[in-house]
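This briefing goes through one protein chain, topic by topic. Please keep the sequence and the model open while reading.

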Amino acid sequence: MKKVLLTLLVLAMICAAGTAALAADPAPAERSETRPYNVSQLVAGASETYESLFVDVEWLKKHLNEVIVIDTRPESLYVGGHIQGAVNATWTYFANINAPAGSMKWGVLWPEATMAKRIGALGINGKKHVVLYCDGGGWGQSGYAAMIMRMCGIKDAKILDGGILAWKKAGGKISTTKHTNKAVAFSLTKYAPYYVTHTQWINDNIGKPSLVLLDVRTPQEFEGKIRPFQEKRGGHLPGAINLPMGELIDKDFKFMSHDELKAIFQKAGLTPDTEIVVYDTAGVRAANVLMALRYTGFPKSRCYDEGYQAWAGDATLEIETSN
């Protein structure tokens, strides 16, 4: 009889402990309502003005021999004709493309030590003005390079408004001779913050009312109808809105005016307090649009460095399509 009573007492204690545990730990369904689990605020980054971000052709003509000029187009275009004295550094110069495509490491910025060596190899020491250009109608590589220069602390790096097309139209000198600059020492301990974000942050914060995921790829990419860069899956991040980068460029392949850009962003539902993550396939177009956002008064903005290719490459992450 004593053994029976003892057994009953132990069972009662186990049941009581289980009830207490259930009371202390919400049911899985209740926990899911609190998602995302690691919500964090997106801090405003540095703003830009036209003067801080751009130079025009006439300015560059006057100062061509005093600045470092970087042609960010593909090498095939560079060798076909570039601004005299320009060195070539396309987006792949600044990013790791040795990792497997569809991974979290492909196409992301080099670590600081590696980037410092690559910046120095271009002849950039952080003291002279740097002018970046592309063709205006591509991926916006000059905007991508401008973001990187800002992250490296190079404030006097600016985009040639209108790129090489504006230069040619104004009669600027063109060369087909490959140019290199003498390598110099460049120091970079840590990237300036508030320019890029990553897959984990997005996944932790997705669905937050103040967050907008801005997909700047073409509508066909956004809808999942095409995968021009062999992404593992077609589509877009859940809840993202589509604003193709091309809609921000005018007929002369320049960014639209400050007021025009601001109106476009506002029409898309953005405000200065909106937390904005801009993305494309691997961050190039996104970085270009990021600089336009900073220029027009949307400082709570980040570029998704890993890009859609990484998100699509992780089968555990949800995507949406328009099919």
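A residue is called buried under 20% relative accessible area, exposed over 50% and partly exposed in between, using a 1.4 Å probe and protein chains only. The model is predicted, so local features need pLDDT of at least 70 and side-chain atom pairs count only at pLDDT 80 or more, while totals for chains, interfaces and linings use all residues. Residues are numbered from 1 along each chain as its sequence is written, and side-chain values use heavy atoms, with hydrogens and water left out.

**The chain as a whole**

- The protein chain holds 14 helices and 14 strands; these are DSSP runs numbered from the N terminus, with helices being H or I of at least four residues and strands E of at least two.
- Of its 323 residues, 47% count as buried.
- The accessible surface of the protein chain is about 15,900 Å², and carbon and sulfur atoms account for 57% of that; the areas come from the Shrake-Rupley method with a 1.4 Å probe, and for residues only the protein chains shown count as cover.
- Taking contacts between residues at least 6 apart in sequence, 76% join residues at least 24 apart, where contact means heavy atoms within 4.5 Å.

**The five-stranded sheet**

- Five strands make up an open sheet with parallel pairing, in the order β1-β8-β7-β2-β4; two strands pair if DSSP finds at least two bridges between them.
- Its edge strands are β1 (54-55) and β4 (87-88), each of which pairs on one side only.
- Within this sheet, β2 (residues 68-71) and β7 run parallel and are joined by four bridges.
- Ile68 has Val130 of β7 opposite it.

- Strand β13 covers residues 275-279, and five of its five residues are buried.
- In a regular strand, side chains alternate between the two faces of the sheet.
- In β13, Glu275, Val277 and Tyr279 point one way and Ile276 and Val278 the other way, and all are buried.
- β13 runs parallel to strand β11 (residues 211-215), with five bridges between them; Leu214 has Val278 as its bridge partner in β13.
- β13 also runs parallel to strand β14 (residues 301-304), here with three bridges; Val277 has Arg302 as its bridge partner in β14.
- Together with helix α13 (residues 284-295), β13 and β14 make a right-handed β-α-β unit; right-handed means that, with the strands pointing away from the viewer, the path from the first strand over the helix to the second runs clockwise.

**Aromatic pairs**

- The structure holds nine aromatic pairs; rings of Phe, Tyr and Trp (its six-membered ring) pair if their centres lie within 6.5 Å, and planes under 30 degrees apart count as stacked, over 60 as edge-to-face and the rest as tilted.
- Trp139 and Phe229 form an edge-to-face pair, at 5.4 Å centre to centre with 80 degrees between the planes.
- That pair links parts of the chain 90 residues apart: Trp139 is in the loop between β7 (130-133) and α8 (141-151), and Phe229 in the loop between α11 (219-222) and β12 (241-242).
- Trp139 counts as partly exposed because its relative accessibility is 32%, and Phe229 counts as partly exposed because its value is 32%.
- The ring centres of Tyr279 and Tyr304 are 6.5 Å apart with planes at 75 degrees, so this pair is edge-to-face.
- The pair links strand β13, which holds Tyr279, to strand β14, which holds Tyr304, 25 residues apart.
- Tyr279 and Tyr304 are both buried.
- One aromatic cluster is formed by Tyr50, Phe54, Phe255 and Tyr295.

**Charges over rings**

- Arg118 lies over the face of Tyr93, 5.0 Å from the ring centre; a charge sits over a ring if NZ of Lys or CZ of Arg is within 6 Å of the ring centre and within 35 degrees of the ring normal.
- The charged end of Arg217 is over the ring of Tyr308, at 4.3 Å from its centre.

**Positive phi angles**

- Most residues other than glycine have a negative phi.
- Gln230 is not a glycine, yet has a positive phi of about 55 degrees; Gln230 is in the loop between α11 and β12.
- Gln230 counts as exposed because its relative accessibility is 62%.
- Phe253, also not a glycine, has a positive phi of about 60 degrees and lies in the loop between β12 and α12 (258-267).
- Phe253 is partly exposed because its relative accessible area is 40%.
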